[in-house]
Amino acid sequence: MKMDVLLGLQWGDEGKGKIVDVLAPEYEIVARFQGGPNAGHTLEFDGIKHVLHQIPSGIFRSQILNIIGNGVVLDPIVLKREIDGLGKFSIDYMKNLVISKKATIIIPTHKLLDAASEQAKGDKKIGSTLKGIGPTYQDKIGRTALRVGDILSPDFREKYESLVAKHKTTLSFYNHPLDALGEMEEQFFSAVEFFKTLNLIDSEYVVNEALDSNKRILAEGAQGSLLDVDFGSYPYVTSSSTMAAGACTGLGVAPSKIGEVFGIFKAYCTRVGSGPFPTELFDQDGEDMRKEGNEFGSTTGRPRRCGWLDLPALRYSIMINGVTQLFMMKGDVLNIFKEIKVCTHYELPSGERIDKLSFEITEQEVIPVYKTLKGWNCSLENMNSYEEFPAELRAYVEYLEIELNVPIKLVSVGPDRTQTILR
């Protein structure tokens, strides 16, 4: 059996949580492989909206084992809050949630470092969520981080104090205040005690033994491919590998064991934070798109930047991930437009037209070249099959399918798990 991977193809916020929840009944295990509490995966069913930050999106299906993999950076405070929030749904997290001992821990001074670093950048801010993600991954790569398994060690407090001393040296350089640290530490150590009661495992063995036993596993990514630390719009990226390859390193699975790669994209584009966004709209269309799509961050509440679909960027993500199936999300948000635009090329300052994301694309102002398609300009609320879609929407889907050369197998027309049309 091979592990399937589900990931976003844009700048995050594509609707991964909903699709994991929809696909989950076909799997026995759902595993998060990277990212941290900067991720916000929104699920909606039975009229209730749920936002998960670190827990895999299969948690609401009682028969599914949910694994937080070694590639994730975990905030114990946020995790405890999330688990407490699951209490009203009678979810037995001791049965269906396990955590890799090799996952890295976010400690309070990571958040202070995040704030100090972002403030020091001035007008070159990358738009960090200030959750401590970047500094934690820095410590991981620098081989000084604390991992989940460390909390079980009798000298955990000594390891913690040693890392904090290192952080305080850096914070003093930034002249960043430490006033809030005492209260943050109190919350942190209380959450760590709770953390010790959870199922902490060597997850790479669990994942590989499950595959050897022919169990179906879905690897769930966070953020999006265009935020990948290597292949995204650097330096305006996240600190982890958001690609399909990240599922291998984030769960301990060999590349030969990857099966389907499900790529999720919005019918348009959004981005949170700084960085290039060629198709961004600054006019009424952009404002209408934001309002219709409720485009505000599920973790931060920040308004998302909105724009038309970008085919060169989407092709790039499909290429680097080896996407085998596409899922188009939020098709209903475009209901309000009489015309819909799709970016087919970029025009460089020299006048040259390109259809690739070159290294220079993050440094130069480019002008998007658009193809205009007719909008469907009607509600999709009561439509239950692809055949019921208006001809203009079907034409949009089929145009994208030809341009991207990958089948679009699913179209989402609303936030609820029932508003998901399979093709």
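Trainee: In this predicted model, is the crossing in which H4 passes H5 left-handed or right-handed?
Mentor: The two helices to look at in this predicted model are H4, which covers residues 108-120, and H5, which covers residues 133-141. On the H4 side the contact is made by His110, Leu113 and Asp114, and on the H5 side by Ile133, Pro135, Thr136 and Asp139. The axes of H4 and H5 come within 7 Å, and the crossing in which H4 passes H5 is right-handed.

Trainee: Are H4 and H5 roughly parallel or roughly perpendicular to each other?
Mentor: The axes of H4 and H5 cross at roughly 115°. Angles of 65 to 115 degrees count as roughly perpendicular, and therefore H4 and H5 are described, relative to each other, as roughly perpendicular.

Trainee: Why does Lys140 count as partly exposed?
Mentor: Lys140 is found in helix H5, and, leaving aside its neighbours within four places in sequence, Lys140 is in contact with Asn70, Gly71, Thr104 and Ala145. A residue is buried under 20% and exposed over 50%, so Lys140 counts as partly exposed because its relative accessibility is 32%.

Trainee: Where does Asp13 lie, and what is its relative accessible area?
Mentor: Asp13 lies in the loop between strand S1 (3-8) and helix H1 (16-23). Once its neighbours within four places in sequence are left aside, Asp13 is in contact with Lys266, Thr270, Val272 and Arg304. Asp13 is partly exposed, and its relative accessible area is 26%.

Trainee: How many Å apart in space are Arg302 and Gly273, C-alpha to C-alpha?
Mentor: Arg302 is found in the loop between helix H10 (284-293) and strand S13 (305-307), and at 26% relative accessibility Arg302 counts as partly exposed. In sequence, Arg302 and Gly273 are 29 residues apart, whereas in space, C-alpha to C-alpha, the distance between them is 8.6 Å.

Trainee: What span should helix H7 have, and how far apart are its end C-alpha atoms?
Mentor: Helix H7 has 15 residues, 181-195, and among its buried residues are Leu181, Phe188 and Phe195. At 1.5 Å a residue, helix H7 should span 21 Å, which agrees with its end C-alpha atoms, whose separation is 20 Å.

Conventions:
Residues are numbered from 1 along each chain as its sequence is written. This is a predicted model: local features need pLDDT of at least 70, side-chain atom pairs count only at pLDDT 80 or more; totals for chains, interfaces and linings use all residues. Side-chain values use heavy atoms; hydrogens and water are left out. Helices (H or I, at least four residues) and strands (E, at least two) are DSSP runs, numbered from the N terminus. The expected span of a helix is 1.5 Å times one less than its number of residues. Buried means under 20% relative accessible area, exposed over 50%, partly exposed in between (1.4 Å probe, protein chains only). Contact means heavy atoms within 4.5 Å. Axes are lines fitted to C-alpha atoms, for helices over the stretch in contact, and angles run from 0 to 180 degrees between N-to-C directions. Angles under 35 degrees count as roughly parallel, over 145 as roughly antiparallel, 65 to 115 as roughly perpendicular and the rest as oblique. A crossing is left-handed if the near helix is turned anticlockwise from the far one by less than a right angle, and right-handed if clockwise.
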